[in-house]
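Trainee: I have a new model open and would like to work through it. Can we go step by step?

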Amino acid sequence: MGSVTGDGGDGRQLVLVSGWPLTRKRDAELAYLAQYEQHGPTVPFGGRRSGYGVEPDHAVVLAVPRFAARHAADHTRDDRKRVILGPDLAGGTAEPDERDVLALLRGAYPYLPADAEGDGPGARPTAMVTTARAVRRAAQLGRRAAYSGPDSMEVYNDLVVGKYSWVPDDAHPGPAAAEIEHLPIHWLKDWMLRLDVECGVRDETVLHRLYGTVTSYEPGTGRVVFSPAGGHPAISVPVHRIVALSGDRQRRSDGQVPTHEPYDG
């Protein structure tokens, strides 16, 4: 196990560490980081190869002595996304600002369930979301008109391969809610899909694309239950945060898609 020594008198610093937990052979020089306090949730960071399959990989924010932060950053300088240095913590016992912690975590995974929880009950989609939805609807008018019905297998088949996008109603529930409710939603878990969502806290949100599988849909609330790529536990995404759900025309497996990427319309 790797170790780092220092006088510990130069204060503490937040660091984002990906590839968590530090249990692989290549992590030996970073394993000492596990002794330090974690702040905020553990977030998805894709998957890691394990035998013949893939197991979830994660990212966390730790508060560590500055000498440990410098060592971790130096040790991973050829893999800059592995360790990201955050703000210094004022004073020896000061707790980090939650906003600093969440900002670091969003660098690893942009959608945090706590963001939507802060929207409050009965939250409506923002202008950013409704505008993006309108663009997506307009782009597929011709294809939508060609389907024999809202619950046809044509809709499902085109959805999972990225030829068609499901776009939620601006006022839930409506025709879009009825459409997805009548599709074989239990089959979607077999496909790698992309969920375009609004990420961040209100007044500071951005659109992002998440990859993973849809495990269920809650008709009453409109929540999509979504498992991030890499086999991560499912998270619940409220409909007012969703721009669209679709497949990817070129990349359709866990090994081909990223965990997330910027939204490109």
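Trainee: Are Asp-196 and Arg-136 buried or exposed?
Mentor: Keep in mind that this model is predicted. Asp-196 and Arg-136 meet through their side chains in a salt bridge, 2.7 Å from N to O. Buried means under 20% relative accessible area. Both residues fall in that class: they are buried.

Trainee: How many residues apart are Asp-196 and Arg-136?
Mentor: Place each one first. Asp-196 sits in strand 5, residues 193-199, and Arg-136 sits in helix 4, residues 127-139. The pair links distant parts of the chain, and the separation is 60 residues.

Trainee: Which parts of the chain does the salt bridge between Arg-82 and Asp-27 tie together?
Mentor: The side chains of Arg-82 and Asp-27 meet at 2.8 Å, N to O. In sequence the two are 55 residues apart. Arg-82 belongs to one loop and Asp-27 to another, so the bridge ties together the loop between helix 1 and strand 4 and the loop between strand 1 and strand 2.

Trainee: Why does Arg-82 count as buried?
Mentor: The cut-off for buried is under 20% relative accessible area. Arg-82 counts as buried because its relative accessibility is 4%.

Trainee: Is Arg-106 buried or partly exposed?
Mentor: Arg-106 pairs with Asp-115 in a salt bridge of 2.5 Å, N to O. Asp-115 has 3% relative accessibility, so Asp-115 is buried. Arg-106 has 23%, so the class for Arg-106 is partly exposed.

Trainee: Which residue is the bridge partner of His-39 in strand 3?
Mentor: Strand 3 covers residues 53-65 and runs antiparallel to strand 2. The two strands are joined by 9 bridges. In strand 3, the partner of His-39 is Val-61.

Trainee: Which residues have the most contacts inside the largest nonpolar core?
Mentor: In soluble globular proteins, nonpolar side chains tend to be buried together. The largest core here has 44 residues. Its largest share, 5 residues, comes from helix 2. The residues with the most contacts inside this core are Tyr-111, Trp-166 and Phe-226.

Trainee: What percentage of the residues of the protein count as buried?
Mentor: The protein has 7 helices and 10 strands. Its C-alpha atoms fill a box of roughly 70 × 40 × 25 Å along the principal axes. Of its 265 residues, the share that counts as buried is 49%.

Notes:
Residues numbered from 1 in each chain as written. Predicted model: local features only at pLDDT ≥ 70, side-chain atom pairs only at ≥ 80, totals over all residues. Heavy atoms only, no water. Pairing = 2+ DSSP bridges. Helix = DSSP H or I, 4+ residues; strand = E, 2+ residues; numbered from the N terminus. Core = buried A, V, L, I, M, F, W, Y, C linked by side-chain atoms within 4.5 Å. Buried < 20%, exposed > 50% of the residue type's maximum accessible area, 1.4 Å probe, protein only. Salt bridge = Lys/Arg side-chain N within 4 Å of Asp/Glu carboxyl O.
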